[in-house]
Amino acid sequence: MRLLMIGRLNGELITASKIAMRRGASVTQADAIPQGLNVLRAKGADLIMIDVSLAVRELVDALEAERIRTPVVACGVSADAQTAVAAIRAGAKEYIPLPPDPELIAAVLEAVASDRAAFVWRDPSMERVVKLAEQVAPSEASVLITGESGTGKEVLARHVHLKSHRAGKPFVSVNCAAIPEALLESELFGHEKGAFTGAVARRIGRFEEANGGTLLLDEISEMDVRLQSKLLRALQERVIDRVGGTAPVRVDIRVLATSNRNLMEEVRKGTFREDLFYRLNVVSLKLPALRDRPADILELAAHFARKYAEVNGMPARPLSAEARALVLKNPWRGNVRELENTLHRAVLLASGAEIGPDAILSPDGESIATEGLAGRAVQAAEAATRGLVGRTVAQVECDLILDTLDHCLGNRTHAAKILGISIRTLRNKLNEYVSAGLDVAEPGAVRASAAYG
């Protein structure tokens, strides 16, 4: 944990700094916001504590302008509620009164350092993935984690980091899909002052921020193919070039990557470099969808019910038998993320000693029982659509015409009417298919492939 403290080191801040260091944090101090920004650009930080007497809004705006996503906590000797509210309105995540309560400091550090989503599993299919992850975690091998959105790819990546020899070093995650293409290179590799409009000072990128630790490239399939070549060099040689820089910078990192797409298919389409794919895919971990790991559903539901009861200061309540049955039946197309949001909502809406099925609602307020039926219909439609992917329009048209003709027992007039085309157009198409050697149903008959295939 890297903590940056901004403000004059009076007795209260010194005490807070000592408490943080006893809790294992590495503390850097800056007297004012400009010096603090220089520290962030050069070294990065996991958390900023700023004296509330300084311009909190100025710091938050500066971080936003330079796309630095480090959380800010304000602190001050005033116990006035208005001071705390003003700091939070200015963009601080929390307000800590000084002199500091050691337990409060510890809680803030723990909240930042701990995983945002706990790693919970019970299903055998998930157990196999976790065992393989823990087996390869101590190595330096790159790992590619795949699976649908919301299955917990970043959570598994953090688990690999915590089980590795780099566990005490930074874990830095960058979402390649969330950052505009024009800015992603600077985000990854950093930039020099004046490299582009808005580059007011040198800033290190995520590679340098993760030095000594682990870098997670989340949703790497969304990265532009032109940037992939620079990434490949960085992975092969462990050397990067800042945007606008003149000298290479050596880094010591382990790289993990995630994707919700089939990267081999992206390679075939030319949107992902084959050499980069093999560089990342030394070890592959595929996370099953939540619907394919039923033993995890109730375990996760119970975990989220406890978690959000505590977060919202409410008593912990179990799910009723009817609620558990409802949760198990739902297809959870959004996977663990959807389940978590649903249980958070249920904790807030439930009344009584248990969380009942009436509290298990979709975001629009409908019961997920109704949502589940609609979801299965959508899944069936999606499956039918996926069957068309990869085929040409002419191939799909051919199958449609011949299947419709079979349905009409070879009657050209009826088939043309159903297809919405003229009988002449239909005959021309059928003549093409016969010339190509395809079996076309004659009036009163069906194709052999349709009758027996």
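**Exercise 1. Find how strands β6 and β12 pair, and locate Thr-146.**

Step 1. Strand β6 (residues 143–146) and β12 pair in the parallel sense, over four bridges. Strands here are DSSP runs of E with at least two residues, helices are runs of H or I with at least four, and both are numbered from the N terminus. Two strands pair if DSSP finds at least two bridges between them. This is a predicted model, where local features need pLDDT of at least 70, side-chain atom pairs count only at pLDDT 80 or more, and totals for chains, interfaces and linings use all residues. Residues are numbered from 1 along each chain as its sequence is written, and side-chain values use heavy atoms, leaving out hydrogens and water.

Step 2. Pick one bridge. Leu-144 has Ser-284 in β12 as its bridge partner.

Step 3. Now take Thr-146, which lies in β6. Is Thr-146 buried or exposed? Its relative accessible area is 13%, so Thr-146 is buried. The cut-offs are under 20% for buried, over 50% for exposed and partly exposed in between, with a 1.4 Å probe and protein chains only.

Step 4. List its contacts (heavy atoms within 4.5 Å). Leaving aside residues up to four places away in sequence, Thr-146 touches Lys-153, Ser-259, Leu-285, Lys-286 and Leu-287.

**Exercise 2. Describe the sheet ordered β2-β1-β3-β4-β5.**

Step 1. The sheet is open, has five strands and pairs in parallel.

Step 2. Which strands stand at the edges? They are β2 (26–30) and β5 (94–97). Each has a single partner strand, so one side of each is left without a neighbour in the sheet.

Step 3. Neighbouring strands are turned by 25 degrees against each other on average, direction ignored. Axes are lines fitted to C-alpha atoms, for helices over the stretch in contact; angles run from 0 to 180 degrees between N-to-C directions.

Step 4. Strands β3 (residues 47–51) and β4 (residues 72–76) run parallel, joined by four bridges. Ile-50 stands opposite Ala-74 in β4.

**Exercise 3. Classify the packing of α17 and α18.**

Step 1. Helix α17 (residues 393–407) packs on helix α18 (residues 412–419) at about 130 degrees, with axes 9 Å apart.

Step 2. The two helices are therefore oblique to each other. Under 35 degrees is roughly parallel, over 145 roughly antiparallel, 65 to 115 roughly perpendicular, and the rest oblique.

Step 3. Name the contact residues. Leu-400, Ile-401, Thr-404, Leu-405 and His-407 in α17 meet Arg-412, Ala-415, Ile-418 and Leu-419 in α18.
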